[in-house]
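Hi,

Here is the structure I promised to pass on. Have a look at it first, and then read on for what turned up.

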Amino acid sequence: MLFPSLAAGFAVRSSGAGIAFPHSKDPASFGTENPFILIARVQVKPGKVDEYLEIAGRTDEGVQNSEPGMLHHTFDADPDDDHAFTWSEVYSDDSALGAHLANPVVGKYLEDHADVCESFSAEIYGTLGDETVAAVAGLPFPVKVFKTKLGYSRIKPE
């Protein structure tokens, strides 16, 4: 075992063992109906962290109340840089990202954070449909899409 001391502290569970979802066997079949991860990296201007945290808090609450396709939404602080933060987001599918981008709460966030944000970029991990790739390519900040080559998902598409 590679990390025996670490593993000793965790109980091993096999919930779902033996369950295979048709979409999980071949990443080439991943597309518009599969979950994916978006990581957005934010660098806040000096002296603007408190203001940014207010904006982020309003946005998080608004997204939680209006986007059922957003499965996971957290705002994480960089342990080494007091001005660096990361949004960690898991979307149920491409339409959930479309709903997020069209959400007035997110539009207000992008508008408000422009004055307090030094830089903003996003990375998407997972296969997207062509329409979604085109939509993110047109966003006003850099987005890099990492297409799935290997793996599986235990989240069933609806």
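In which strand does His73 lie? His73 is in strand E2, which covers residues 70–77 (helices, H or I, of at least four residues and strands, E, of at least two are DSSP runs, numbered from the N terminus).

Before going further, a word on the model: it is predicted, so local features need pLDDT of at least 70 and side-chain atom pairs count only at pLDDT 80 or more, while totals for chains, interfaces and linings use all residues. Residues are numbered from 1 along each chain as its sequence is written, and side-chain values use heavy atoms, with hydrogens and water left out.

Back to His73. Its relative accessibility is 16%, so His73 counts as buried (buried is under 20% relative accessible area, exposed is over 50%, and partly exposed is in between, with a 1.4 Å probe and protein chains only). The side chain of His73 has a polar contact of 2.6 Å with that of Asp60, and another of 3.4 Å with that of Glu89. (A polar contact is a pair of N or O atoms within 3.5 Å; within protein, one must be able to donate a hydrogen and the other to accept it, and residues adjacent in sequence count only if both atoms are side-chain atoms.) If you set aside neighbours within four places in sequence, His73 is in contact (heavy atoms within 4.5 Å) with Asp60, Val63, Trp87, Ser88 and Glu89.

Now the salt bridges. The structure has 4 of them, a salt bridge being a side-chain nitrogen of Lys or Arg within 4 Å of a carboxyl oxygen of Asp or Glu.

One of them pairs Glu123 with Arg41 at 3.3 Å, N to O. This pair links distant parts of the chain, 82 residues apart: Glu123 is in strand E4 (residues 117–125) and Arg41 in strand E1 (residues 36–44). Arg41 is partly exposed, at 40% relative accessibility.

Another joins the side chains of Lys48 and Glu51, at 3.7 Å, N to O. Lys48 is partly exposed at 31%, and Glu51 is partly exposed at 38%.

Then there is Arg58 with Asp112, whose closest N and O atoms are 3.4 Å apart. Arg58 sits in helix H2 (residues 49–66) and Asp112 in helix H4 (residues 104–113), so this pair ties together parts that are 54 residues apart in sequence. Arg58 is partly exposed at 46%, whereas Asp112 is buried at 17%.

Cheers
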